[in-house]
Amino acid sequence: MVVSISKMSIAYYLSTVAKGDVPQAKTKPLTAYYTETATPPGRWWGTGLTGLSGLAAGQQVDRRDAISIYDDLTDPATGHQLGRSMMVKHEVPEGAVTPTGAAAKDTRDAVAGFDLTFSVPKSVSTLWAVSGPALQQAIQQAHQQAVDETMAWTEREFIQSRAGKAGVAHVPVNGIIASMFDHWDSREGDPQLHTHVVVANRVQRLLDDQWVTLDSYTLHRHVVAISETYNSVLFDHLHNQLNALPQAAATDDPEREPIRDLLDAATTESTAAEDVSRSGMAVELAGVPDDLIREFSQRSVLIEQRKDELIDQYVEIHGHMPPQHVIWQLRQQATMDTRSAKADTTESLAEKMSGWRDRTLAAGHEPATVIENATGHDSAVITPDMLTADVRTQLADWVLADTSARRSTFTRANLLASAQRITRLVRFADMDDRMAVADDLVATAQDQAVSLTPDRSTLRPDTADVAVANRGRSVLDHQATAGVYTTATIMDQEQFVMDAATRPDGHGLAEDTVDRQLSQARMAGGHPLSDDKIRACRSMLTSDAGLSAVIGPAGTGKTSAMAAVKDIWEEHHGQASVVGLAPSAVAARVLGNELDVETDNVSKWLYESIGDGAARRTQRIQRLTNTLYELEHADRPQPQHYEKVAAQLAEQYAAQAKYLLRQDQLLVIDEASMVSTAQLAELTAQAQTAGAKVVLVGDPAQLGSVDAGGMLGWLDRSNKADRLSSVFRFKNDWEGSASLKLRKGDTSALELYEDAGRIVDAGDDAADAAYHAWLEDTRQDTSTILVAADNATVTDLNVRAQHDLAEAGVIDLNDTVTLKNNTFAGIGDKLLARRNERQLTDASGAFITNGTRLILDDIHADGSAIATNESTGASIVLDPDYLASSTELGYAVTAHRAQGVTVDTAHCVVDENQPRELFYVAMTRGKHGNYVYTATRDEHEAYDQADHPDNWGLMFEDKSTETPKDVLAKVLANESSEYTAHEIGNQERAWSNDLGRLCHELEYLRWSDRAHRTATWVQDTYTDPDTRQRLTNGEQWALLVDADPAHHFEGEPQTTDTVDIIRTQCQPRQQPTSVDDGNTMTNHQRQAVTDTQIQRIHAELRSRRASIAEEQPPWAETLPSQNSADYQDALDKVLLWRAVSNYDHDTHPLGPPPGADESKAVRAYYAQAHQALHNTSTTPEGHADRHNQLLASHAGLIDQLNDDPIDVSALDELFNDDTHAAHVPERDAAFNQHPGQPTPDWPDIDLD
């Protein structure tokens, strides 16, 4: 990704800039920093600056001003507060959830702002590094223009705030306040031109000019679209200014052949949208050598420097240069030693440039040649006028295919990102033209897609009132920024699989026979099947459905259950009546060995049954059939030729039959959560056509599909799958139940692991601690696995393992072979194969698969090697090409590679951003022990070592107070399981009409009318600027709005007035007695929206009354008699209270009264319901004055005592675009409780 986002601390940016500069309104030229050892000072940016005094866009960032805005939340010139004070770290209420629906963290800290880091593609940084001053300046200007234009577009399209409980209203604001900091290199010293855009977490609401927090949830949602847009705009500027051209290449093509011209592809009828969506297109500048890009994409200079130091030490000790194999070892040690080093920050830009040019020459490239090849291109480019209507239609198809291939549901933000990727090779004169085409493609794709989010905007086109309108749509309608889409194809595929799981197809075996056979079935060791296995097997074997599923958490023994199913099925339908498939070749081989059945991987089966393999075989069969016909009718018989052709034809038919299902076969698909919906639909269709049955086996709480999936999870959530519940893998009794808690995200499991010593606080290096524990187990000949969170850590750990094992004499590095990424291996090394190669077979006949683990036994002079396949125990000869392109060291693995592995101990390095599913996989591999290692470090050190999008270590978040359990709690809360489009559609429709949401929206409308007229009243009543400022101060504003002085003030205005004085001179504002009370708005636009809102609430109440009439819940028995005139009123008010409070007790209608932390509006709903049930008032008239006095004297409790809409944006978590909020727990739970009427669970707390 070119743009990344993170929370920030302004102090570090200020510490990196050049000192001693006089504040300037203009940016100094790049050459001015050739002698500076620091980076340029930041510059202010954003239309939100107009709300401050004395700051303008482009002005240099002064330390005092930055601290005033980001840390103190004050106007640097006037000292006026920018909204409410930043919250103090506090405990979050139990059960609180974020606006994304995820569980809230236990504690909350203030968020000063967010860092959007714009980094040029590596080829652009490489060209910039070898260029002279003029060209460098031009490249930097192109980058800055692209950043400015992309941020301006972001500000127009996505910047807003949220108001109302749960942030139900998305309200317009006056732009952002940001500072931009330019940096030259990465933390390792490689050239990396990038800009940090530090966005303040304060925006000015247009409704009442109050400073509130940014809707960072929406900003996070659009980060990928922002990134792709910036990248495209940058290439436009580079072409327009330098005649530099981007070049597309397929990332999965080792030869990196350029993809065919975009226009040719778009006008070729044979080009399918799927071809483009899966092309893996990467774009870099043409003419910049790949090897030079790689040279500047690693810490190579630090490694070489350390290697030279080690060689010098060797020479000093031994008196001669080390032999080549020792040099290899020294380089590996240098790689290990520099894994966390940071480049010298005392070098000036000129010194950095000199070093980069030296490295360019050492890599075999002349800087002048690189510049000549990368600039001044006069070749024709694709321009917008070449994108005819037909071409645009094709491109829109590609946009939709590219987006939907990755996920079952998506948003407009996902479509925007795809549109920019698809048009990356089109050159535009300016950004407006580019965005017009992108918007057109997105609109066309949206028209072709299926919208799952109802349109809730009822505004007239001319509505401009900022209380109810935002960018032309209702503030209560979030379709533009959060609307969810899918495709008709995905819906059809899902429905087909759903029907197969529910429709009887006559596949069930006789129950009494199955019961008898299951009672006789035995697991390994002669043990009978456990009760849960018997239930699951019985259900699968006797079900008449064409598709069944069994969910097996890690360690529950899915294999023994499926072995029993296989034996019983074959006893009824004969040998070879069970076929196995799995998403990977390794998993398919394991399944085949365990069940003793024919298996293959899913992709291979589909390739051979309906894909290109099937098509080519059909052509061969036709050709051979024609040849036989000709031979049969030839004048001269040719028996030998005839027999040969007949044999070839028989061979083709046999191959075809291998990939055809037959009547009464059982197709077992293992690790089914990793199989996409499209694949499952096709396999189910093949089984249905053949009269076969499908059984899905897996666990949706483990790894999911790379493409759109979620079907196994739907079967589980819909109670249409059988579940295994007895965990047998672990030798410690407590660990089975604890692992199931991890699976569900239950943080109480962490106490159990901590008590058992399984959670290790690794101090400043989690990987190091895990490595040493793994190494000790290895030395003790314990079967063990080392699991890391990311590939970079895996690489480092592999290098360390090889080095230490060589030192111990376990492996021999005197002779080596070259592996992937220019690493090497010696005799005894463990390797991991990374590519299926069916032509490369071991002595047992098994072909090498992606994920095969190998032990290197011998090395030949030609560079080939003999290895042992760990899964079969057979030897295999690996040729040099395969070794160099498709193997790597295999000591450490990621969690993806760990799934399916069972060992004695597992040592897992965990990053806080890791999904729960990967953590669960990693922590269930060891039979005797599973250990997790976390790092709890301070500030910069913590950030430098973390796995995050910012590759340069230039921003940090203080995590020094976190404990290992804090880190792991974040991991458990980070669920990434995919939900089906059908489920998401149900959630979206239910959430759209949720009664609680509708009520909170009504409260926002009431509040916004008061807030706007209060702001107007202050401006009209008081002319003194200081008085206005005092009355509109963020800390007191909510109390003033609550008093509603425009309607209730009875005193004489004075310049010395305060909020407290005004409140004492206001008549108490009466709370509405029903949803129909207190809804008179100031203007007709607000009135129209409010009237519609009331109608929606009553429609939902009618729906719920009808449901209760059909089936009365126990709590309704406490209501007045249905024949009573008070019945409907009481029922409505109870329903409203239960909705706004998310109260769902079966027998009690109201529950306890709301606590002091609830708003006045929520209290009013309880009071109305309580009075309707008991015919009494919970707020006696005589207490009104005392109540009002208490409000005025407790300003610190305004969040609990008034109904100002809560500013919720600080609750935002980073949003994973690839796992869109299709999964929203508060919607899920509500929908399951009340189909059609969910009730969200939102905390009502102050977050500013």
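Predicted model: local features only at pLDDT ≥ 70, side-chain atom pairs only at ≥ 80, totals over all residues.
**Entry 1: a word before I start**

I count two residues as in contact when their heavy atoms lie within 4.5 Å. Setting aside its neighbours within four places in sequence, I found Ile139 in contact with Val124, Leu127, Trp128, Ser131, Leu193, Leu238 and Leu242.

Where does Ile139 belong? I found Ile139 among the residues with the most contacts inside the largest nonpolar core, together with Met151, Ile176, Val197 and Leu238. That core has 82 residues. Apart from it lies another core, of 39 residues, including Leu813, Ala825, Leu831 and Ala865. I remind myself that in soluble globular proteins, nonpolar side chains tend to be buried together.

**Entry 2: the whole protein**

The protein has 1248 residues, and 56% of them are buried. I noted 48 helices and 38 strands in its secondary structure.

**Entry 3: how confident is the predictor?**

The average pLDDT for the protein is 83, and 82% of the residues score at least 70. I marked residues 251-261, where the pLDDT is below 50; beyond near neighbours in sequence, this stretch has 17 contacts in the model. Residues 1177-1248 also have a pLDDT below 50, and that stretch has 190 contacts beyond near neighbours in sequence.

**Entry 4: salt bridges**

How many salt bridges does a search of the whole structure find? It finds 52. I picked out a few to follow up.

Asp236 and Arg434 meet through their side chains, with N to O at 2.7 Å. Asp236 sits in helix α6 (residues 223-242) and Arg434 in helix α16 (residues 431-448), so I am looking at a link between distant parts of the chain, 198 residues apart. Is Asp236 buried or exposed? Asp236 counts as buried because its relative accessibility is 3%, and Arg434 counts as buried at 1%.

Next I looked up Glu1001 and Arg456, whose side chains form a salt bridge of 2.8 Å, N to O. Glu1001 lies in helix α38 (residues 995-1021), while Arg456 is in the loop between β15 (450-451) and β16 (469-470), so the pair ties together parts that are 545 residues apart in sequence. Glu1001 has 0% relative accessibility and counts as buried. Arg456 is buried as well, with a relative accessible area of 5%.

I also traced a network: salt bridges that share partners join Asp465, Asp1009, Arg1013, Asp1044 and Arg1086.

**Entry 5: helix α28 and its surroundings**

Asp699 pairs with Arg743, their closest N and O atoms being 2.6 Å apart. Asp699 lies in the loop between β23 (693-698) and α27, and Arg743 is in α28, so the pair ties together parts 44 residues apart in sequence. Asp699 is buried at a relative accessible area of 4%. Arg743 comes out at 17%, and since buried means under 20%, Arg743 is buried too.

Which residues of α28 (residues 733-744) are buried? I listed Glu735, Gly736, Ala738, Ser739, Leu742 and Arg743.

Just after α28, I spotted Gly745 with a positive phi of about 85°.

I then turned to strands β27 (residues 812-818) and β28 (residues 824-827), which run antiparallel and are joined by four bridges.

To finish, I looked for Glu1117 and found it in the loop between α43 (1084-1110) and α44 (1127-1141). Glu1117 counts as exposed because its relative accessibility is 62%. Its C-alpha atom is separated by 8.9 Å from that of Pro1149, which is 32 residues away along the chain.

Technical notes. Residues numbered from 1 in each chain as written. Heavy atoms only, no water. Buried < 20%, exposed > 50% of the residue type's maximum accessible area, 1.4 Å probe, protein only. Helix = DSSP H or I, 4+ residues; strand = E, 2+ residues; numbered from the N terminus. Pairing = 2+ DSSP bridges. Core = buried A, V, L, I, M, F, W, Y, C linked by side-chain atoms within 4.5 Å. pLDDT = per-residue confidence, 0-100. Salt bridge = Lys/Arg side-chain N within 4 Å of Asp/Glu carboxyl O.
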